[in-house]
Amino acid sequence: MPGATFMASIARREEKGSDVNVASHLLIDVLTDVVDAAIVISNDSDLAYPVRIARARVPVGLVNPTKGVRAGKLAGLPSDGAGNHWWYRLEPADLRAHQLPAVVTDRIVKPAPW
């Protein structure tokens with residue numbers, strides 16, 4: 001169409017391959033006995049299978065960094081497999097409580113707007 005203006009807006013917050021990388025490293029570390037426990041910071045249900053395999057061998061802590069409830073596929077019992085598993089949902093207060101001070105050194109200073 002002569003003179004027509006076509007506009008599109010697409011917003012996708014998707015990290016291709018990041019869940020595969022997390023799953024791969026989790027399983028490699030657990031299956032080669034280089035870790036005694038693991039902490040996974042995710043609420044991605046695509047990680048359910050590798051997390052379940054890891055729980056069979058070592059204690060696994062699962063931290064949900066989202067506002068939502070834990071993905072059902074990531075559920076389990078603290079006593080499954082190796083046992084001592086735990087779950088936690090990250091709160092805004094957790095982040096606020098673990099910030100660097102406003103002045104770290106004379107050259108490292110938190111920007112005013114932060």
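The chain exposes about 8900 Å² of surface, and carbon and sulfur atoms supply 58% of that; accessible areas here come from the Shrake-Rupley method with a 1.4 Å probe, and for residues only the protein chains shown count as cover. Keep in mind that this is a predicted model, where local features need pLDDT of at least 70, side-chain atom pairs count only at pLDDT 80 or more, and totals for chains, interfaces and linings use all residues. Residues are numbered from 1 along each chain as its sequence is written, and side-chain values use heavy atoms, with hydrogens and water left out.

**Overall build**
- You'll find three helices and three strands in the chain, where helices (H or I, at least four residues) and strands (E, at least two) are DSSP runs numbered from the N terminus.
- Along the sequence they come in the pattern α-β-α-β-β-α.
- The chain has a radius of gyration of 20 Å, while a compact globule of 114 residues would have one near 13 Å; the radius is taken over C-alpha atoms, and the globule rule is 2.2 Å times the number of residues to the power 0.38.
- Its C-alpha atoms fill a box of roughly 65 × 55 × 25 Å along the principal axes.
- Of the 114 residues, 21% count as buried (buried is under 20% relative accessible area, exposed over 50%, partly exposed in between, with a 1.4 Å probe and protein chains only).

**Confidence**
- The mean pLDDT of the chain is 90, and 91% of its residues reach 70 or more; pLDDT is the predictor's confidence in each residue, from 0 to 100.

**Helix α2**
- In α2 (residues 48-57), the buried residues are A48, P50, V51, A54 and R55.
- Seen down the helix axis, those buried residues fall within an arc of 165 degrees, so they line one face of α2 (the arc is that of the directions from the helix axis to the C-beta atoms).
- Y49 and A56 are exposed, on the face turned away from the buried side of α2.
- Cover for the buried residues of α2 includes α1 (18-31), β1 (38-41), β2 (60-64) and β3 (86-89).

**Residue S42**
- S42 sits in the loop between β1 and α2, and it counts as buried because its relative accessibility is 14%.
- A polar atom of the S42 side chain lies 3.0 Å from the backbone nitrogen of D44.
- Leaving aside neighbours within four places in sequence, S42 is in contact (heavy atoms within 4.5 Å) with L47, L62, V63, N64, P65 and L74.

Definitions and conventions
A polar contact is a pair of N or O atoms within 3.5 Å; within protein, one must be able to donate a hydrogen and the other to accept it, and residues adjacent in sequence count only if both atoms are side-chain atoms.
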